Amino acid sequence: MYWFSRKIHRDPPIVGLILPGGGARNAYQVGVLKAIAEILPDDAENPFPVICGTSSGAINAALVASAAGQFHPGIERLVGLWENFHVGKVFKADVSSTVHSALRWAKALVSGGMVGGGPQSVLDSQPLRELLESHVRFARIQQLIDNGTLRALSVTTSTYTSGSSITYYQGASDIQPWERTRRRGIAEEITVDHLMASAAIPIVFPAVRLHNEYHADGSMRESTPLSPALHMGANRLLIIGARNPVPDTVSEKIEPPYPSLAQVIGYVLDTLFMDSLDSDIERLNRINHTIGNTKDKRVAYQDSALRQIEFLVISPSHDIREIAERHQDKLPRTVRWLLKGLGALSREGRPLMSYLLFEQDFCRELIELGYQDAMHQRDDIVELLGDL
């Protein structure tokens with residue numbers, strides 16, 4: 001599905017790339033970026049001065065930002081990484097680790113946490129940390145900011161103690177920190193810890209300590225996912241979603257089974273990753289419409305002025321859950337065993353499966369879907385990016 005908001009072009013374009021979370025579904029984002037690299041001329045500079053990521057979208061954001069000096073080769077490397085993914089690169093999937101995790105949770109449930117202490121997570125994401133350390137050139141990010149190729153990179157996390165949404169950003173010196181109700185923007189050099197914290201899906205992956213507080217998946221508290229890009233100066237947005245927006249239909253003839261744990265977790269993840277983004281897009285549409293009806297196309301707000309924001313949303317044209325169902329047998333046997341116990345191998349458990357299916361065939365099909373969807377929006381992409 002595609003939403004495209006046009007406005008009168010007044011300001012020089014500063015395009016913000018918004019990459020929300022989605023776990024393994026974010027292979028779709030890679031396909032869209034692959035198409036954009038193909039649409040742009042071979043010598044085109046980085047089209048996204050502002051790059052914002054949350055959860056697994058933060059991982060893609062950091063990879064794109066660190067390679068912004070060579071946009072086309074950078075996207076090629078990103079595609080190569082996702083085309084060759086398997087779950088062992090994201091979390092420990094061997095027999096020993098899987099059985100140990102299951103036993104640890106069983107002991108905690110039976111003993112009330114008295115034996116061995118409470119487990120920190122279902123899965124161990126140490127392989128993902130090692131992957132990021134070897135593929136993201138963190139030192140390069142500041143160099144690209146200093147030479148003007150990149151304006152800012154932001155990564156959003158959620159805090160368990162203060163219950164806030166924190167956007168850590170590394171960017172140009174004129175970007176000012178911000179603070180709103182339970183959300184803040186803090187200038188800080190982005191590290192692998194920020195990425196691991198942003199992608200720490202509750203219960204599934206362990207939380208990460210930053211400063212004196214534990215942080216987890218940025219989607220939990222991120223009520224306005226478009227806001228960081230605007231704070232950092234973007235006046236146009238490309239938003240790449242990871243959910244087909246067509247709602248499910250409910251059969252009146254078939255009695256639904258009671259929700260499994262996997263279905264509940266999948267539902268929660270859908271809510272975390274997708275609902276706030278959809279709400280923020282609707283809010284931006286309303287603001288654009290309101291401002292469009294004013295005389296000077298701007299509305300005063302506190303110490304600044306609201307202006308119309310041109311944006312393009314690209315999201316999957318097919319249900320990713322159905323694609324995941326076709327590929328679930330590609331998961332290692334130990335992981336299928338663990339997920340089966342949660343009910344994730346049933347039709348109702350597809351949402352959870354689609355977030356964890358970091359396997360080559362699934363990722364490649366999503367990359368192709370993202371590529372085709374973006375190519376169908378070629379003209380809108382060219383218009384949004386301007387003269388590049």
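This is a predicted model: local features need pLDDT of at least 70, side-chain atom pairs count only at pLDDT 80 or more; totals for chains, interfaces and linings use all residues.
Residues are numbered from 1 along each chain as its sequence is written, and side-chain values use heavy atoms, with hydrogens and water left out.

The secondary structure comprises 14 helices and 13 strands. Both are DSSP runs, numbered from the N terminus (helices: H or I, at least four residues; strands: E, at least two). The protein has 388 residues, of which 53% count as buried. Buried denotes under 20% relative accessible area, exposed over 50%, and partly exposed in between (1.4 Å probe, protein chains only). The accessible surface comes to about 17900 Å². Carbon and sulfur atoms account for 52% of that surface. Areas were computed by the Shrake-Rupley method with a 1.4 Å probe; for residues, only the protein chains shown count as cover. Among contacts between residues at least 6 apart in sequence, 77% join residues at least 24 apart. A contact requires heavy atoms within 4.5 Å.

Strand β3 spans residues 50-54, and five of its five residues are buried. V50, C52 and T54 point one way from the strand. I51 and G53 point the other way. On one flank of the description stands β2 (residues 15-19), which pairs with β3 in the parallel sense over four bridges. Pairing requires at least two DSSP bridges between two strands. G53 of β3 is the bridge partner of L19. The chain passes from β2 through helix α1 (residues 27-39) to β3, a right-handed β-α-β crossover. Right-handed here means that, with the strands pointing away from the viewer, the path from the first strand over the helix to the second runs clockwise. Strand β3 also runs parallel to β4 (residues 152-159), joined by five bridges. Here G53 has V155 of β4 as its bridge partner.

Helix α1 is largely enclosed by the rest of the structure, because 11 of its 13 residues are buried. Among them are Y28, Q29, V32, L33 and I36. The end C-alpha atoms of α1 lie 19 Å apart, which agrees with the 18 Å that its 13 residues should span at 1.5 Å a residue. The expected span is 1.5 Å times one less than the number of residues.

Side chains of opposite charge can pair when their charged atoms come close. The count is eight salt bridges. The criterion is a side-chain nitrogen of Lys or Arg within 4 Å of a carboxyl oxygen of Asp or Glu. D193 is partly exposed, at 27% relative accessibility.

R283 and D280 also meet in a salt bridge, at 2.4 Å, N to O. The two sit three residues apart in helix α9 (residues 261-292), so about one helical turn separates them. R283 is partly exposed at 31% relative accessibility, whereas D280 is buried at 7% relative accessible area.

R326 and E365 pair at 2.1 Å, N to O. R326 is partly exposed at 49% relative accessibility, and E365 is partly exposed at 27%. Salt bridges with shared partners also join D329, K330 and D361 into one network.
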